[in-house]
Amino acid sequence: MARRRIDAVIFDLDDTLFDCTGQLTEPARRRAALTLAAAIPDSDAPALQRMQATLADQLSSADSIREIARRHELPADVVEHALSAYNRDQVEDIAPFPDALSTLEELAARRYRLCLVTTGRPERQRRKVDLLGLRGHFSEESGTLVFHDDRRDPEKDEALQRAVRFFSLSPCRILSVGDKLNSEIAASKRLGMRTARMCSGRQKNQRPRTPEERPDHELSRLTDLLALLP
């Protein structure tokens, strides 16, 4: 690893440890689109679903729904119903990336400290952690599972800062791994951490627009971490 030794790794969850876009995002967009279509005269739910996908190239999933609502001047209660449909607590069957668990196990065996900081409604994110079999690595009780509720704070900085405090390490000794340039990568760099971008999910084709969105490393698969972290 360049410059300084890394002693700890912070992971994002969605599209970092599992294929959220492929397994959960499209069904969630469909639910939100149906809710929005019911409030927009002569609208087409599949078209609204496609619009969410297009807007998500630059916006978060929640902000994509809010932008559609803004364009159609929908009331706040409709927006909240659409967001609730998208982010319902019930989660379909999901599986981690094929190399996720083995990579976590190997990093732990190499004595790297690990933490998971995940964005979304906490109950839904807890359910994902359980379904993905990640409880052996991350838990609230141990301090290694941190939730970022983006309804309260759109930026991920404070949640990442909690993980940094948990490690009691200088941020430069921590590697932050995530897929979103404008969220995980930018926030982690603002805090002084090293960064690795997982090139997956709906934003995998985006390129950095600012210096703080430029990751130190890019990963095509999670096992690439094992070459970075001896």
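Helix α6 (residues 122–131) lies across β2 (113–119) and β3, and runs at about 145° to β3. Contact here means heavy atoms within 4.5 Å. Axes are lines fitted to C-alpha atoms, for helices over the stretch in contact, and angles run from 0 to 180 degrees between N-to-C directions. Helices (H or I, at least four residues) and strands (E, at least two) are DSSP runs, numbered from the N terminus. Helix α7 (residues 157–167) lies across β1, β2, β3 and β4, at about 165° to β2.

This is a predicted model, in which local features need pLDDT of at least 70 and side-chain atom pairs count only at pLDDT 80 or more, while totals for chains, interfaces and linings use all residues. Residues are numbered from 1 along each chain as its sequence is written, and side-chain values use heavy atoms, with hydrogens and water left out.

Now the sheet. It is open, has 6 strands in the order β3-β2-β1-β4-β5-β6, and pairs in parallel. The edge strands are β3 (145–148) and β6 (217–219), each pairing on one side only. Two strands pair if DSSP finds at least two bridges between them. Neighbouring strands of this sheet are turned by 25° against each other on average, direction ignored.

Follow the pairing along the sheet. Strand β1 (residues 8–11) pairs with β4 (residues 174–178) in the parallel sense over 4 bridges. Isoleucine 10 has serine 176 in β4 as its bridge partner. β4 and β5 also pair in the parallel sense, over 4 bridges. Here glycine 178 is the bridge partner of arginine 197 in β5. From β4 the chain crosses through helix α8 (residues 181–190) to β5, a right-handed β-α-β crossover. Right-handed means that, with the strands pointing away from the viewer, the path from the first strand over the helix to the second runs clockwise. β5 and β6 run parallel, joined by 3 bridges. Alanine 196 stands opposite histidine 217 in β6.

Why is strand β5 (residues 194–198) largely enclosed by the rest of the structure? Because 5 of its 5 residues are buried. Buried means under 20% relative accessible area, exposed over 50%, partly exposed in between (1.4 Å probe, protein chains only). Arg194, Ala196 and Met198 cover one side, and Thr195 and Arg197 the other.

Last, the rings. Phenylalanine 166 is partly exposed at 31% relative accessibility, whereas phenylalanine 167 is buried at 2%. The charged end of arginine 113 sits over the ring of phenylalanine 166, 5.7 Å from its centre. That label requires NZ of Lys or CZ of Arg within 6 Å of the ring centre and within 35 degrees of the ring normal.
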